Structure formats: C-alpha cells, structure tokens
2 protein chains.
Amino acid sequence: MGSLICDISMSLDGFVAGPNATLEQPLGEGGEKLHEWLMATKAFRATHGMTGGEDSADSRLVEEHLRSIGATIMGRHMFSGGAGPWESDPNADAWWGEDPPFHHPVFVLTHHARERVTKRGGTTFTFVTDGVESAAEQARAAAGDRDVQVAGGASAVQQYLAAGLLAALQVHVAPVLLGGGVRLFDRLGDAPPKLELTRVVESPAATHLGYSVVR
Amino acid sequence: MGSLICDISMSLDGFVAGPNATLEQPLGEGGEKLHEWLMATKAFRATHGMTGGEDSADSRLVEEHLRSIGATIMGRHMFSGGAGPWESDPNADAWWGEDPPFHHPVFVLTHHARERVTKRGGTTFTFVTDGVESAAEQARAAAGDRDVQVAGGASAVQQYLAAGLLAALQVHVAPVLLGGGVRLFDRLGDAPPKLELTRVVESPAATHLGYSVVR
C-alpha cells in the first residue's frame, strides 16, 4: 500500500496563495507566480492536454510525482472555490471542467454529503464527510500500490500534518515574496512532526525540497 | 563599497525563533534546532574561540560569509534581549560577553541614545537612533569594501526588506517545523521586493538558498 504525501508550491515567505483570493483569482494576488515553474514544464502541460513546455529537471520531477500518485485528497475549497452553497449547485464542479487533470479517484473533504461525480479521463470525485482519517483510508484503498497526495489547500495539508498522517512532504519553494495570503504551515499544534531532508532538486525557477516525516 | 545583505537561519515553517522566547532561552522553544547546522561547523566554532567542528560544505559557506562581512546591523532585542530598561543598565551588553564573535563594528537600532561600547577582539557597539537608513550608511562606511549584514532579529530584517535596502538574502532552511514563534517574513507591505535565485547549497543539516533582491 502506498504512502500519504504532500507535494506543494510555496513562496519563500511561506504562502500557497496570495492575498485577496476570489473565485476568478483562486490563487490570490500574485499567486500564479508560485506555479510558474510548474506551468513551464512539459509534464504539467501534457497532463492538462497541452503540447510544448520544457523537458527540464523541473519537468522530470513532475513526471515522477504524477507516476507515483494513484489518488488525491483535497479540501472543499480546492474542489469548488471559497463561496456559496456548492452542495446544492450541480455546476460547482465546473471549476475542474469535464476532463479534470487528475485521471484517478479524488476524495473531497467536506461537511456536506453528495453523490460521487464521474468525469472523463478516469477522474472521480468522492465526497468524504467523516474526517481526514476516513478520507486517507478510502484514498489508499483506491490508489492500490501507488501513493496518495494531499493536494491542498493549506488547511487540508495542516490537518494531515497535525494528525501525523503524512509520510513525506515535497515543498517547491518559488523565488518570490508574496507579502500575504494563505500560509502553508499554520496551526500545526504544540508538537509538529519531525522532518528529515531526503532530497534537494534545484532549478532557477524553484527549489524542490523533499522531506520524510519521522514517526 | 559593499552591499547590505541578510544571512539567516529559518525553519521550514518560516520561524527564526521558537515560541515563548525568554532571556534565558532567547531562541524560544526548539529555536536551537535552527542553528544546529551552524554550531556543527568548524568555521562557526573558530569565530567563537572553540576548536573542532566539521570542515563541511556548511562550514565553507560560513567561512565565505564571515570573510565577506565588515560590519553588522542588529535590532535592540538581538543586542540585549527582550525585557527591561537596558539603556540604564551598564550590564545590558553582557549578553554578548567581553569578547563578542563579530570582530568588527556593530550598529544597534534603538530609540535610546547610548555611548559607543568597545569590546575585545575588534567588536564595537554603536547605537543608532535615527533609523534604518542611517544605520545602513554608518555601517557601510565602517565596512569599507566588505558587505554589511543585517543580522536580525526578524523585525530588523523586515524593515530593511520593506525599505528596499537589502541587496541579497541567504536563507538557511533547517529541516524542522517549529509550529510557532517569530516569523522571518512578515509585515513586508503590499509590494515586497522581487527575488532572483542565485545559488543553492545543500547538506543534510540545512538547505542554503541564496537570492539577490531585484531593484
């Protein structure tokens, strides 16, 4: 059975989204700078049905990550944005379109039960109302031998870190200061988990820091 | 004339000191973990009058840094700790002892005028009451061809960053989550400076991220 991991981009000042996020600008002001390294890669573009992009060290890292992941967990905001009673809105998943880039089962943490949604290309959205451990169990079962990623947002990552459920963490540090927004590491409690540095991959666009979480 | 730079250790979650800092534990709970990489180096030990330590990539980085610096700027808390009317206390500099590790002129940002203090080994403490730009000018003049470091604490670094006065930043990311404490990057304002990644040096003990600040 695979591990639960998190692989996420962060500004040097610790933000995973800029200030004043809206439905139209879900990453907040300047937040797109966090993912410039990613958008430039061939591997990311291919997953999103686009050609081109650079076959760089960054791209090989993305490829490796995509190959390793068999299921995704995300918070409700990452599924459908911040506002509105999405559970009664059949279009709430329009955020991810008809052919989402996951191509595997996605588990959405929420307080509102909803029927599973099946999209094109192998992506399903399953709504989990009984907590982070339950989502982890369901996602692990769905992922088979592959790993499960906690994709975000920050709150979901924080819950998994604080609960000691993450086995590894890869933080892509973008060379940018956002000055405000949503912090990745917050509310970790009095005894945050111990880390061990496992790998550093560097490029001008980002520094990729790999850690294992020590249990 | 040299540049104004900052060279500082930070936890992965962005803290330069842990929670509940006191005079006896100035780095807060767990804060010593931020500097484990540094304490282990031969170069750091030598500056503090000790033998031994590792002649590692970390140590060569410290050597390079120490050679490049001709003057230091620090905040008042870094000079004498957080509490008490230090300006009337002739022992307030006991924090740094009779033979401080700087061996060059140090400029202390403060609201309270005080006579310059001369210590052994080339360290002087000059008290600057007219702001960060004045301290930068005085320190640059004292440093000659060498660089000036803003040593800390976080508030001093933030003021220099926000004022656009820093030319370069080297952040030593320790593989640790502190869960709370003093954040390095905070109060940077609406338009934080742009960065460019210039170098990454890695070791199991820390990841050393070098940035130039784009003007």
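User: How many bridges join strand E3 to E7(A) in chain A?
Analyst: In this predicted model, strand E3 of chain A, residues 69–75, is joined to E7(A) by five bridges, and the two strands run parallel.

User: Which residue is the bridge partner of Ile73(A) in E7(A)?
Analyst: Ile73(A) has Val150(A) as its bridge partner in E7(A).

User: What about strand E1 of chain A: in which sense does it pair with E7(A)?
Analyst: Strand E1 of chain A, residues 4–11, pairs with E7(A) in the parallel sense, over two bridges. Within E7(A), Gln149(A) is the bridge partner of Ile5(A).

User: Is E7(A) mostly covered or mostly open?
Analyst: E7(A) is mostly covered, as five of its six residues are buried.

User: Where is Gly153(A) placed?
Analyst: Gly153(A) lies in the loop between strand E7 (147–152) and helix H6 (154–162) of chain A.

User: And the peptide bond between Gly152(A) and Gly153(A), cis or trans?
Analyst: The bond joining Gly152(A) and Gly153(A) is cis, with omega at about -5°. For context, most peptide bonds are trans.

User: What does chain B have from Gly152(B) to Gly153(B)?
Analyst: The peptide bond from Gly152(B) to Gly153(B) is cis, and its omega is near -5°. Gly153(B) sits in the loop between strand E7 (147–152) and helix H6 (154–162) of chain B.

User: Changing topic: what is the phi of Asn20(A)?
Analyst: Asn20(A) has a positive phi of about 60°, although it is not a glycine. Most residues other than glycine have a negative phi.

User: Where does Asn20(A) sit?
Analyst: Asn20(A) is in the loop between strand E2 (15–17) and helix H1 (36–39) of chain A.

User: Why does Asn20(A) count as exposed?
Analyst: Asn20(A) counts as exposed because it has 12 C-beta neighbours inside 10 Å, and the cut-off for exposed is 12 or fewer.

User: What about the phi of Asn20(B)?
Analyst: Asn20(B), which is not a glycine, has a positive phi of about 60°. The loop that holds Asn20(B) runs between strand E2 (15–17) and helix H1 (36–39) of chain B. With 12 C-beta neighbours inside 10 Å, Asn20(B) counts as exposed.

User: One more residue. Where is Gly49(B), and is it buried or exposed?
Analyst: Gly49(B) is found in the loop between helix H2 (42–47) and helix H3 (57–68) of chain B. Gly49(B) counts as exposed because it has 9 C-beta neighbours inside 10 Å.

User: What separates Gly49(B) from Pro193(B)?
Analyst: Their C-alpha atoms are separated by 37 Å, and Gly49(B) and Pro193(B) are 144 residues apart along the chain.

Note on methods
Residues are numbered from 1 along each chain as its sequence is written. Chains are lettered from A and ligands numbered from 1 in the order in which they are written. This is a predicted model: local features need pLDDT of at least 70, side-chain atom pairs count only at pLDDT 80 or more; totals for chains, interfaces and linings use all residues. Helices (H or I, at least four residues) and strands (E, at least two) are DSSP runs, numbered from the N terminus. A residue is buried if 20 or more other C-beta atoms lie within 10 Å of its own, exposed if 12 or fewer, and partly exposed in between; C-beta atoms are placed from the backbone. Two strands pair if DSSP finds at least two bridges between them.
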